[in-house]
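Hello,

Here is the structure we talked about passing on. Please open it alongside this note.

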Amino acid sequence: MGSEPWFPVRLTGQHVILRRHAPANVEAFRRWYADPRVARLTRYQDGPMRPIEIERFFLARVVGPESLAMAIHLKDDGRLIGTCAFSQLDGDNGSALFHITIGEIDCWGQGHGTEATQLMLAHAFETLHLHRVALSVFEFNERAIRSYQRCGFLIEGRAREAIWRDGRRWDELTMSILGHEWAARRSVPDEPAVSQASASTSSSGSAARPATRDMD
Ligand SMILES: CC(C)(COP(=O)(O)OP(=O)(O)OC[C@H]1O[C@@H](n2cnc3c(N)ncnc32)[C@H](O)[C@@H]1OP(=O)(O)O)[C@@H](O)C(=O)NCCC(=O)NCCS
């Protein structure tokens, strides 16, 4: 996966900055994952996480030694608004799974999730030299699907009626993006979806490129 550091100290975009999580961030996780509106979009189980589950999740998947989880902060005032991560980093096959939650609901729909995802994909493909990043998303999560498509993810699979939510069954979608697809998007600044996204990620107007990516 390349010789560069695999776990960046920070990844800097135009409006968000991703940093390693601090132990105190567990307080925000307690709030985010206890909220039914967040749970509806992120959990297989119907209902929010219990406090003990949130603690376990934070220790194992967020600050654990094998986690590549980054806190999402607003660049302007440093506010912690969410979290994103790679799991199942597989060096043999060059693949990983991506996860993201903007936990602060007033920050949904402002481009921050898309920008954070782009920063993580840039790290995955340009620094770790992964071949493939995949994710799962419930079909009713239209905001997430739209955001992932804006980043270049394609729908590649559909687990039919895998989720029971809001009184009916829904499909779970698998989406992925490959390294050469990411590179192609980077090299075509005028590709419509990418050039729109660049407004929130780069003042240079070049594709979806984050402003800087600090690896110290
Ligand atoms: C999914 C998530 C990361 C997206 O981040 P975000 O900052 O809210 O989204 P963005 O503003 O970057 O992009 C959202 C896109 O969806 C569109 N959108 C917003 N609300 C929408 C809705 N209700 N239906 C369809 N599209 C919607 C926006 O217009 C935007 O598309 P555009 O850039 O083409 O205009 C964030 O909303 C989140 O964390 N949600 C809760 C947890 C979650 O769902 N996690 C993902 C689990 S797979």
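Below is what was found in it, starting with the overall picture.

This is a predicted model: local features need pLDDT of at least 70, side-chain atom pairs count only at pLDDT 80 or more, and totals for chains, interfaces and linings use all residues. Residues are numbered from 1 along each chain as its sequence is written.

**Overall**

The protein has 7 helices and 8 strands. These are DSSP runs numbered from the N terminus (helices: H or I, at least four residues; strands: E, at least two). Of the 216 residues, 31% are buried. Buried means 20 or more other C-beta atoms within 10 Å of the residue's own; exposed means 12 or fewer, and partly exposed is in between, with C-beta atoms placed from the backbone. Take the contacts with a separation of 6 or more: 59% of them join residues 24 or more positions apart. A contact is two such C-beta atoms within 7 Å.

**Ligand shell**

The ligand is surrounded by 22 residues, and the closest are Leu41, Gly113, Thr114, Ala144 and Arg146. A residue counts as near if its C-beta atom lies within 6 Å. Helix H2 (36–42), strand E5 (95–102), helix H4 (112–127) and helix H5 (142–151) each give two or more residues. H5 gives the most, with 6 residues. By class, the shell has 7 nonpolar, 11 polar and 4 charged residues. Here Ala, Val, Leu, Ile, Met, Phe, Trp, Tyr, Cys and Pro are nonpolar, Asp, Glu, Lys and Arg are charged, and the others, Gly among them, are polar.

**Core**

The largest nonpolar core has 42 residues; Leu18, Ile72, Ala116, Leu121 and Ala124 touch the most other members. H4 gives the most to this core, with 6 residues. Such a core is a set of buried Ala, Val, Leu, Ile, Met, Phe, Trp, Tyr and Cys residues joined through C-beta atoms within 7 Å. Beyond its neighbours within four places in sequence, Leu121 contacts Val133, Cys151, Ile177 and Trp182.

**Helix H1**

In H1 (residues 26–33), Phe29, Trp32 and Tyr33 are buried. They lie on the same side of H1 because they cover an arc of only 75° around the axis, taken from the directions from the axis to the C-beta atoms. Their cover includes H2, helix H3 (51–62) and E5. Exposed Glu27 and Arg31 sit on the face turned away.

**Backbone check**

Gln88, in strand E4 (residues 80–90), is not a glycine but has a positive phi of about 50°. Gln88 is exposed, with 10 C-beta neighbours inside 10 Å.

Best wishes
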